[in-house]
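Here is my note on the model you asked me to look over. The points are numbered so that each can be checked against the coordinates.

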Amino acid sequence: AENEALRRRVALLERQLDQQRSDGDRLTAQVRAQEDLLQSYPALIWEADAEGRRTFVNQCWLAFTGRPVAQELGDGWHEGLHGEDLAGVADTYRRAQANQGPFQQQYRLRRADGLYRHILE
C-alpha cells in the first residue's frame, strides 16, 4: 500500500512537472514574440533598470544612433549625450524613478558619425 501511494505521488509530480514545462515553453514563446515585435517596431524603444542602465534597445534605436548595441547598453549610451544635457537627463531619471511616474525630456544624442540628434522622450 505504501509503495502504491508513492507511485501515485511520483505520477502526480511527473504530470505537474510536464505541465510546468509546457507552461514554460508557452511563456518563452510569448516573450520571444514580444521581443520580435519590439525589435521591429518603427519607433525608438529602450528599457532601463532601476539604476538607469539600458537593458534593451530596439533596431530603430540602433539605426537612429548608428551605434552598435554593445555601446548602447548599460551606461554606454551616456557617452553619446551632449555634455550640456547630461546633468538634466540624470536628474529627470532620478525624479521619475523616485516618483514611479511618467516623465518627458529632450536631449541631444551623438550619432556614430559625430552628428547630434534631438530626442524627445
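A salt bridge is taken here as a side-chain nitrogen of Lys or Arg within 4 Å of a carboxyl oxygen of Asp or Glu. The model is a predicted one, in which local features need pLDDT of at least 70 and side-chain atom pairs count only at pLDDT 80 or more, while totals for chains, interfaces and linings use all residues. Residues are numbered from 1 along each chain as its sequence is written, and side-chain values use heavy atoms, with hydrogens and water left out.

1. Salt bridges across the fold. A search of the whole structure finds 10 salt bridges. In one of them the side chains of Glu-84 and Arg-108 meet at 3.3 Å, N to O. This pair links distant parts of the chain, since Glu-84 lies in the loop between α3 and α4 and Arg-108 in strand β3, 24 residues apart; helices (H or I, at least four residues) and strands (E, at least two) are DSSP runs, numbered from the N terminus. Glu-84 is exposed, with a relative accessible area of 63%, where buried means under 20% relative accessible area, exposed over 50% and partly exposed in between (1.4 Å probe, protein chains only).

2. A buried salt bridge. The side chains of Arg-67 and Glu-72 meet in a salt bridge at 2.3 Å, N to O, and both Arg-67 and Glu-72 are buried. I would ask the reader to look at this pair in the model.

3. A salt bridge within a helix. Arg-95 and Asp-91 are joined by a salt bridge of 3.0 Å, N to O, and because these two residues are four apart in helix α4, they are separated by about one helical turn. Arg-95 counts as partly exposed at 46% relative accessibility, and Asp-91 is likewise partly exposed, with a relative accessible area of 33%. Elsewhere, salt bridges that share partners join Glu-4, Arg-7 and Arg-8 into one network.

4. Aromatic pairs. Rings of Phe, Tyr and Trp (its six-membered ring) pair if their centres lie within 6.5 Å, and planes under 30 degrees apart count as stacked, over 60 as edge-to-face and the rest as tilted; a search of the whole structure finds four such aromatic pairs. Trp-46 and Tyr-93 form an edge-to-face pair, at 5.8 Å centre to centre and with 80 degrees between the planes. Because Trp-46 lies in strand β1 (residues 46-48) and Tyr-93 in helix α4 (residues 86-99), the pair ties together parts that are 47 residues apart in sequence. Trp-46 counts as partly exposed at 23% relative accessibility, whereas Tyr-93 counts as buried at 16%.

5. Trp-77 and Tyr-107 form a tilted pair, 6.1 Å centre to centre with 50 degrees between the planes. Here too distant parts of the chain are linked, with Trp-77 in the loop between α3 (69-72) and α4 and Tyr-107 in strand β3 (residues 106-110), 30 residues apart. Both Trp-77 and Tyr-107 are buried. Ring pairs link Trp-46, Trp-77, Tyr-93, Phe-103 and Tyr-107 into a cluster.

6. Which residue lies over the face of Trp-46? Arg-54 does, at 3.7 Å from the ring centre, and Arg-54 also lies over the face of Trp-77, at 3.7 Å from that ring centre. The criterion for a charge over a ring is that NZ of Lys or CZ of Arg is within 6 Å of the ring centre and within 35 degrees of the ring normal.

7. Three bridges join β1 to strand β2 (residues 54-57), and the two run antiparallel; strands pair if DSSP finds at least two bridges between them. Trp-46 stands opposite Val-57 in β2. The hairpin has five residues between the strands, and in it Gly-52 takes a positive phi near 85 degrees.

8. The nonpolar core. The largest nonpolar core has 11 residues, among them Val-57, Trp-61, Phe-64, Trp-77, Tyr-93 and Tyr-107, a core being a set of buried Ala, Val, Leu, Ile, Met, Phe, Trp, Tyr and Cys residues joined through side-chain atoms within 4.5 Å. While α2 (59-65), α4 and β3 each supply at least two residues of this core, the largest share, three residues, comes from α2.
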